[in-house]
Amino acid sequence: MEILEIFVTLGFWGALVRMATPLIFGTLGELICERAGVLNLGIEGIMTLGALVAWFWVYQGGDLWTAVLVAAAAGALFGLLHSVFSVYLGLSQHVTGIGITLLATSLSYFAYRMLLPDVTTPPKIEAFKPYPIPGLSELPYLGQVLFTQSPLTYLAFALVPVVAYGLYRTPLGLALRMVGENPMAVEAQGIDVHRLRTAAVMLGSAFMAVGGAFLTISVFDAFYIGMINGRGWICIALVIFASWRPGKALAGALLFAAFEALQIRVQQASSAFIPYQFFLMMPYVLSILAMIVMSRRAAYPKALLVPFRKGER
Amino acid sequence: MSDVDEAAPESAGAQSVLRLNGVTKRFGALTANDAVSLDLRSGEILALLGENGAGKTTLMSILFGHYVADEGSIEAFGRLLPPGKPKAAIAAGIGMVHQHFTLGENLSVLDNIVLGTEPLWAPRQQRAKARARVVELAEHFGLAVDPHRLVRDLSVGERQRVEILKALYRGARVLILDEPTAVLAPKEIETLFATLKTMVAEGLSIIFISHKLNEVMAIADRVAVLRQGKLVAELPVAGASKQSLAQAMVGRPVAPPVRHPLPPGEVVMQLAGLMLHGEAGQPLLEDLHLLLYGREILGIAGVSGNGQGALAALISGLRLPDGGSFDLLGAPVKQTSPLAMQRRGVGRIPEDRHAIGVVGDLSVEENLILEASGDPRFCTLGLLRGGVIRRHARALIERFDIRGADPTTTTRALSGGNMQKVILARVLSEKPRVILANQPTRGLDVGAAAKVQQLLFEACAEGAGIILISEDLEELLQISDRIAVLYRGHLSNPVPVEEASLTELGLLMSGHGEFEAYREGAGHAA
């Protein structure tokens, strides 16, 4: 059967790893925010912003890695905006987050139109090339799937253990986890709750923006309207799927990317007799099922969504 | 912490480790602490006694740096403590265990303890070293708890041990415990007291905040009594009596509730061979037999979690039995409906007044008609009758002596005792035939508890049968007519209170006593 043949093609596995990359950035970013007790629904907009900023930097002749840093800075800035409202002023994290998404998305599209008023086809840029890691890329099968990828993909995979180490093995990570559980306990140790949460949201938002940047400066080589296409929302679901753990977040991102890579190929393989919309739907249905199974015992951070105000008990 | 450690030699019995000099704290017009001066000596347990709102917690919060005093100063180990700095208090060797724990539930015990003890930017934690230290402290002071378990899997008693370990880990030489027994079962209180005794034997000093006289008499060396922000008494426990302390706390002699014994009336409620299962099919109540007569108070003793919740749910109409019979005033109960149960004459005083007893954000008058809002007295054609409701509320506030309340006061603003009076007013004004009183005096001070007991006596005299669920054996022995023990869903045979002994009940509560087979009407005083 043709569908089974998909699994033995290296193209499928390579695509899976590539498609997982923005999800890994986004999910890790959201995970850091939520571990500190702040839901960041601005993710969809921050990814769009990151995509635009990085693309434009390169389009203007900037360096690719600098573009990644600029996108991260832009993401952190919008994270700061989210914190001002949801952390310092203690407003609803849902409302603020949606506001950030609407603002960042619209601002990106507006800026794009203003910058390139007369262009009909989005201009291409000189993007990241797959970088075969010397030696490792020579390995049979694995070399082509894992070690002939964009440098940003390597970065995403490398960040997973880095974030896990940071959260579970450093005093700062402990304080960050605690601030999402019981901010009073952190305050009682003389650590500033608001600053800690803001720092976490800014760092997480920077991750999200890099996830968006990956799409423009590593995959599509151009900026399109609507190109994030719900990836941010998927990341929010993946954080729950992952029970707020970096390792599981990687697994979740890979799983979803597998569904996504599979549906494109199944669409082509089964051509006429099943409507293509069915396949478009498939990753989402499968992730809902996976979430139902995985998140039943999820231990969500106890102070998630709860603003902290000094002096209140 | 190093110099502080040396500053507390174990030999100096009468040396002062902590001194409060004329501490005054005002919140607007309210003076929470009025020129309080106190001395804590090395190796003693000082009880800070006072009713709710007397200023105990405020005083300790100033000591620990959560608040800044308006006047006065604090010295720890002979050195002035800078005001408003919890870190300075910790560094000076003061540890505080708050009434509401500050723990992260999804983190391990070890994580909770070491938080904030290492520099924030250190590249890695010294986990092995920290664990060894925690295990050593835990063994030394008898605070058994596994450092790797998650706090959410711990019992309340274990969580408290984690809080104490947190303070000890930071090198505390003075430990402040704010109402530490409020959340503990009797067995856990014993364990805690044993730990505290070990600690003072090691030269630590403890301030024990409480409003429970029995506990203060049992554990403290000296007692300081606060009333309305003022220090009104300071004396060794050896020279104090319960009566004198109660009087100092309340400021007037406390009249114990009076009861005129009346012969029991007819059977108002009957449970026979009753079974109730939990969601997972585990038995919550098994083969339960119970006869409740009018004009009697039947006390249900037991450590919480042994079926009290299930029994309360059953009588409240939240659950139907899975087997056996449940008769109310001679007719069987056939449907699950709290409203129907209430209409049939069941009054409920729920366990957690804040969570389910009242709606905190509604006014007192609204809470007073909460269970009768559809009643024609208060409602015509689907519209509430504001004037009637207001008059109803005024009458009940007057009759039940609900202080600090007028009909439009937000209920959340009331003290625990007055909130409980709102619930009692709502329930008792409907003249129920069966009253379920689940921990009605928990967390109340002496005066308020006496008032609640008095009200229950009055309802009883009017013919109601009362099921009194309590963890407080002394209270049960004091006000019940008969007492039964609930252990793992089994109810012991009720015995008349005159025949009940503390030891026997204690054994039954820990499952060591004999649960005799049920005999019809056995053990009734009549």
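Student: Hey, in chain B, what's the strand order in the open sheet of four strands?

Tutor: This is a predicted model, so keep that in mind. In chain B, the four strands line up as β2-β1-β4-β5, and their pairing is antiparallel.

Student: Which strands stand at the edges there?

Tutor: In chain B those are β2 (30-41) and β5 (79-80). Each has a single partner strand, so one of its sides has no neighbour in the sheet.

Student: OK, and how many bridges join β4 of chain B to β5(B)?

Tutor: Two bridges join them. Strand β4 covers residues 71-76 of chain B, and the two strands run antiparallel.

Student: Which residue does B:Glu75 stand opposite?

Tutor: B:Glu75 faces B:Leu80, which sits in β5(B).

Student: Next one: what's the order in the open sheet of six strands in chain B?

Tutor: That order is β6-β7-β8-β3-β9-β10 (chain B), and here the pairing is mixed. At the edges stand β6 (94-97) and β10 (230-236) of chain B, each with a single partner strand, so each has one side without a neighbour in the sheet. From one strand to the next, the twist averages 15°.

Student: Do β7 and β8 of chain B run parallel or antiparallel?

Tutor: Parallel. Five bridges join β7 (residues 174-178) of chain B to β8 (residues 205-210) of chain B. As for who faces whom, B:Leu175 stands opposite B:Ile206 in β8(B).

Student: And which strands does helix α7 of chain B lie across?

Tutor: Helix α7 (residues 186-201) of chain B lies across β3 (45-49), β7 and β8 of chain B, and runs at about 150° to β8(B). There's also helix α9 (residues 242-250) of chain B, which lies across β3, β9 (222-227) and β10 of chain B. Helix α9 of chain B runs at about 30° to β9(B).

Student: Zooming out, what domains does the assignment give for chain B?

Tutor: Domain 1 is 1-86 + 174-179 + 206-252, and domain 2 is 267-345 + 432-509. Their centres, taken over C-alpha atoms, are separated by 39 Å.

Student: How many residues of domain 1 of chain B are in contact with domain 2 of chain B?

Tutor: Seven residues of domain 1 of chain B, and they meet six residues of domain 2 of chain B.

Student: Switching to chain A: at what angle do helices α4 and α10 pack?

Tutor: About 140°, with the axes of α4 (residues 64-88) and α10 (residues 193-219) of chain A 6 Å apart. That makes α4(A) oblique to α10(A). The crossing of the two is right-handed. In their contact there are 16 nonpolar, seven polar and two charged residues.

Student: How about α7 of chain A and α10(A), at roughly what angle do their axes cross?

Tutor: Roughly 160°, and the axes of α7 (residues 151-169) of chain A and α10(A) come within 11 Å. Angles over 145 degrees count as roughly antiparallel, and therefore α7(A) and α10(A) are roughly antiparallel to each other. This crossing is left-handed.

Student: Which residues make that contact of α7(A) and α10(A)?

Tutor: From α7(A) you have A:Leu152, A:Thr153, A:Leu159 and A:Val163, and from α10(A) there are A:Phe207, A:Val210, A:Phe214, A:Ile217 and A:Ser218. By class, that contact has seven nonpolar, two polar and no charged residues.

Student: Last pair: what about α3 and α11 of chain A, how do their axes cross?

Tutor: The axes of α3 (residues 43-59) and α11 (residues 231-241) of chain A come within 7 Å and cross at roughly 130°. The two helices are therefore oblique to each other, and the crossing of α3(A) and α11(A) is right-handed. On the α3(A) side the contact is made by A:Ile43, A:Glu44 and A:Met47, and on the α11(A) side by A:Arg231, A:Gly232, A:Trp233, A:Cys235 and A:Ile236. The residues of this contact divide into five nonpolar, one polar and two charged.

Key: Residues numbered from 1 in each chain as written. Chains lettered and ligands numbered in written order. Predicted model: local features only at pLDDT ≥ 70, side-chain atom pairs only at ≥ 80, totals over all residues. Heavy atoms only, no water. Axes fitted to C-alpha atoms, helices over the stretch in contact; angles between N-to-C directions. Parallel < 35°, antiparallel > 145°, perpendicular 65-115°, else oblique. Left-handed = near helix turned anticlockwise from the far one by under 90°. Contact = heavy atoms within 4.5 Å. Nonpolar A, V, L, I, M, F, W, Y, C, P; charged D, E, K, R; others polar. Pairing = 2+ DSSP bridges. Domains from an automatic or database assignment.
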